[in-house]
Structures are given as structure tokens and as C-alpha cells.
Amino acid sequence: MWRTLSFSSILVALGAMLASRNMVAFSSGTTMAIEPKVSVEAPNTLFNITVVIANVTELFFWQFNLTFDPLVLEYVDYTEGPFLKEVSTTWPLEPSNGTGWVAAGGGFAPPYPEEGASGDGILAYVTFKAKVEGKSDLHFVGVFPGEPAK
């Protein structure tokens with residue numbers, strides 16, 4: 001499904017044009033999504049997106065690769081969200097950043113809790129800088145919510 005965005009020539013529109021790529025659904029009913037779905041920012045401004053998870057059971061670790069247009073956006077920072085931290089001590093993965101993508105993740109640190117995080121929550125905040133006017137889609141590639149092997 002395509003979403004049409006319109007914006008003035010002095011603004012950068014950050015949009016999730018393909019709903020199937022800015023939200024990932026898993027067979028268990030768990031979904032991971034980017035919020036907000038559309039953001040309009042002036043060039044040379046910083047803004048955050050939030051990566052959320054819903055309807056998850058026993059989450060122990062997660063990872064995602066997020067792609068974007070590097071001509072329009074610049075990756076600035078990643079901060080782990082509170083979802084796993086509400087259960088136990090965590091160990092965030094150091095983000096990797098390439099031209100047009102950022103990979104991030106997190107998981108529990110030893111000693112591991114007996115049960116993982118369940119429900120809905122915020123996994124991460126990602127900060128970008130709008131470089132120029134234009135449009136950039138954000139896409140999940142290689143999303144991995146996980147639980148330990150039993």
C-alpha cells in the first residue's frame with residue numbers, strides 16, 4: 001500500500017511509504033513498527049523516530065537494520081528504549097552505521113532473568129538529521145526479536 005505525501009519545497013518529508021516495510025509482523029502476532037509513520041522536518045534539524053514492539057511474549061533480545069536515503073538523512077544517534085530495562089539489566093549492541101543504513105539491538109545482560117519482557121513497549125529511539133529537502137523512506141531489513149533456545 002502506497003501512502004502519498006505532500007510537503008512544501010523547504011521541508012523534508014520522512015515517510016513510511018510502504019506499510020509492509022515500516023512495520024514487521026511475525027507469525028506469533030508480534031509486530032515491530034516505526035513511529036511516527038510520517039514526519040516533516042526542516043533541513044538541518046534533528047528529529048527522533050521510535051521503534052516499538054507490540055504483542056510480544058518472552059522477548060530476550062532484538063536487532064534491526066533500518067535503511068534510509070543518505071542523500072536526505074544522516075544517522076546521528078541511537079538510544080535503547082525502556083522495554084527490556086523494565087525487566088532486568090540490559091546490554092545494548094553498539095550500533096553499526098553505513099551509508100544509508102543503521103543496525104541496532106539490545107538484550108539482557110547476565111545474570112539473565114527467568115522470564116523475558118512481554119506486552120508492548122519501546123525498543124529504541126533513533127535520531128536523524130534532515131540534510132536537505134527531499135523524501136526518505138525508512139525500511140526495516142533483517143528484524144530479529146528473539147528468545148533463548150530451550
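Which side chain does Ser 39 join in a polar contact of 2.5 Å? The side chain of Glu 41. A polar contact here is a pair of N or O atoms within 3.5 Å; within protein, one atom must be able to donate a hydrogen and the other to accept it, and residues adjacent in sequence count only if both atoms are side-chain atoms. Ser 39 lies in strand β4, residues 38-41. Ser 39 counts as buried because its relative accessibility is 8%, and buried means under 20% relative accessible area, exposed over 50%, partly exposed in between, with a 1.4 Å probe and protein chains only.

Some ground rules. This is a predicted model, in which local features need pLDDT of at least 70 and side-chain atom pairs count only at pLDDT 80 or more, while totals for chains, interfaces and linings use all residues. Residues are numbered from 1 along each chain as its sequence is written, and side-chain values use heavy atoms, with hydrogens and water left out.

Now confidence. pLDDT is the predictor's confidence in each residue, from 0 to 100. The chain average is 78, and 77% of the residues score at least 70. Over residues 1-21 the pLDDT stays under 50. The model has 62 contacts beyond four places in sequence for that stretch, a contact being heavy atoms within 4.5 Å. Where pLDDT is low, the predicted coordinates should not be read in detail.

Next, the overall layout. The chain has 1 helix and 12 strands. These are DSSP runs numbered from the N terminus: helices are H or I with at least four residues, strands are E with at least two. The order from the N terminus is β-α-β-β-β-β-β-β-β-β-β-β-β. Of the 150 residues in the chain, 43% are buried. Take the contacts between residues at least 6 apart in sequence: 76% of them join residues at least 24 apart. The chain exposes about 7900 Å², with carbon and sulfur atoms supplying 55% of it; the areas come from the Shrake-Rupley method with a 1.4 Å probe, and for residues only the protein chains shown count as cover.

On to the core. A nonpolar core is a set of buried Ala, Val, Leu, Ile, Met, Phe, Trp, Tyr and Cys residues joined through side-chain atoms within 4.5 Å. The largest one has 31 residues, and Ile 49, Phe 64, Leu 66 and Phe 128 touch the most other members. Two or more residues come from each of β3 (31-35), β5 (45-59), β6 (61-67), β7 (73-80), β9 (101-108), β10 (117-130) and β12 (139-146). Leaving aside neighbours within four places in sequence, Phe 128 has contacts that include Ile 49, Leu 66, Tyr 75 and Leu 138.

Tyr 75 is in strand β7, and it counts as buried because its relative accessibility is 14%. Tyr 75 and Thr 127 are 52 residues apart in sequence, yet their C-alpha atoms are 6.4 Å apart. Beyond four places in sequence, the residues Tyr 75 touches include Pro 95, Val 102 and Phe 128. Its side chain also reaches the backbone nitrogen of Tyr 78 at 3.2 Å.

Then the hairpin. Strand β8, residues 90-98, pairs with β9 in the antiparallel sense over 7 bridges; two strands pair if DSSP finds at least two bridges between them. The hairpin has 2 residues between its strands, and Gly 100 in the turn has a positive phi of about 90 degrees. Trp 91 stands opposite Gly 107 in β9. Gly 105 is also found in β9, and it counts as buried because its relative accessibility is 0%. Among the contacts of Gly 105 beyond four places in sequence are Trp 62, Tyr 78 and Leu 93.

Last, backbone geometry. Most residues other than glycine have a negative phi, and most peptide bonds are trans. Asn 44, in the loop between β4 and β5, has a positive phi of about 65 degrees. Asn 55, in strand β5, has a positive phi of about 60 degrees. Asn 44 is exposed at 56% relative accessible area, whereas Asn 55 is partly exposed at 46%.

Which peptide bonds are cis? One joins Glu 35 and Pro 36, with omega about -5 degrees; Pro 36 sits in the loop between β3 and β4. Another runs from Pro 110 to Pro 111, with omega near -5 degrees, and Pro 111 is in the loop between β9 and β10.
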